[in-house]
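The sequence and structure come first.

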Amino acid sequence: MSLFKYIDIKPLGDDRGDLISLEANQNIPFSIKRVYYIFNTEQLASRGFHAHKKLKQVAFCIKGQCNFILDDGSEREVALLDSPNKGILIEQMLWREMHDFSHDCILMIVASEHYDESDYLRDYDHFIKEVNLDKG
Ligand code: T46
């Protein structure tokens, strides 16, 4: 089973263009407490390099594209994110990295919790130890 769980949002388009609506506990599977977006990223820059203990998020590239890596401590997969109506659900204890941002990339993320630095695991070895503890 892939680490990537996609969320397809039906665009509400008409002859004027497209519109996407995200609704908590409807097409987004949690209550949304925070929205943030990443833009103007240097093309050679990479971001992420952490996991979250509790946070759930859905990430959409609402413009441009970037590569997303997910790693659960056993498997590591990469996927291109390049659609405003196809998001990825990132649940707890998944290491993530973002690479290869296009110059116009806008990565928008809806999150289940307010910002909390203590929820981050920013060291890969520490992440692996926590994953193994969870497995018992
Ligand atoms: C994630 C990936 C996909 C805040 O103060 N509030 C916020 O809501 C966020 C997201 C960040 N910050 C601060 C923390 C850092 O000082 O903004 C700075 C940059 O954050 P960070 O280095 O964590 O950014 P990324 O792009 O590496 O990671 C972000 C999210 O932090 C993370 O939760 O899953 O995007």
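A polar contact is a pair of N or O atoms within 3.5 Å; within protein, one must be able to donate a hydrogen and the other to accept it, and residues adjacent in sequence count only if both atoms are side-chain atoms. The model is predicted, so local features need pLDDT of at least 70 and side-chain atom pairs count only at pLDDT 80 or more, while totals for chains, interfaces and linings use all residues. Residues are numbered from 1 along each chain as its sequence is written, and side-chain values use heavy atoms, with hydrogens and water left out.

| Residue | Distance to ligand oxygen |
|---|---|
| Arg34 | 2.5 Å |
| Arg47 | 2.7 Å |
| Arg96 | 2.7 Å |

On its own the ligand has 650 Å² of accessible area (Shrake-Rupley method, 1.4 Å probe), and the protein covers 69% of it.

The ligand is surrounded by 14 residues, counted when a heavy atom lies within 4 Å. Arg34, Arg47, His52, Gln57 and Tyr120 are the closest. Strands are DSSP runs of E with at least two residues, and helices are runs of H or I with at least four. Strands S2 (34-38), S3 (47-52) and S8 (95-99) each supply at least two shell residues; S3 gives the most, with four.

Helix H1 covers residues 124-135; its 12 residues should span 16 Å at 1.5 Å a residue, which agrees with the 17 Å between its end C-alpha atoms. At the start of H1, a side-chain oxygen of Asp123 comes within 3.3 Å of the backbone nitrogen of Asp125. Gly136, with a positive phi near 80 degrees, follows H1.

Notes:
The expected span of a helix is 1.5 Å times one less than its number of residues.
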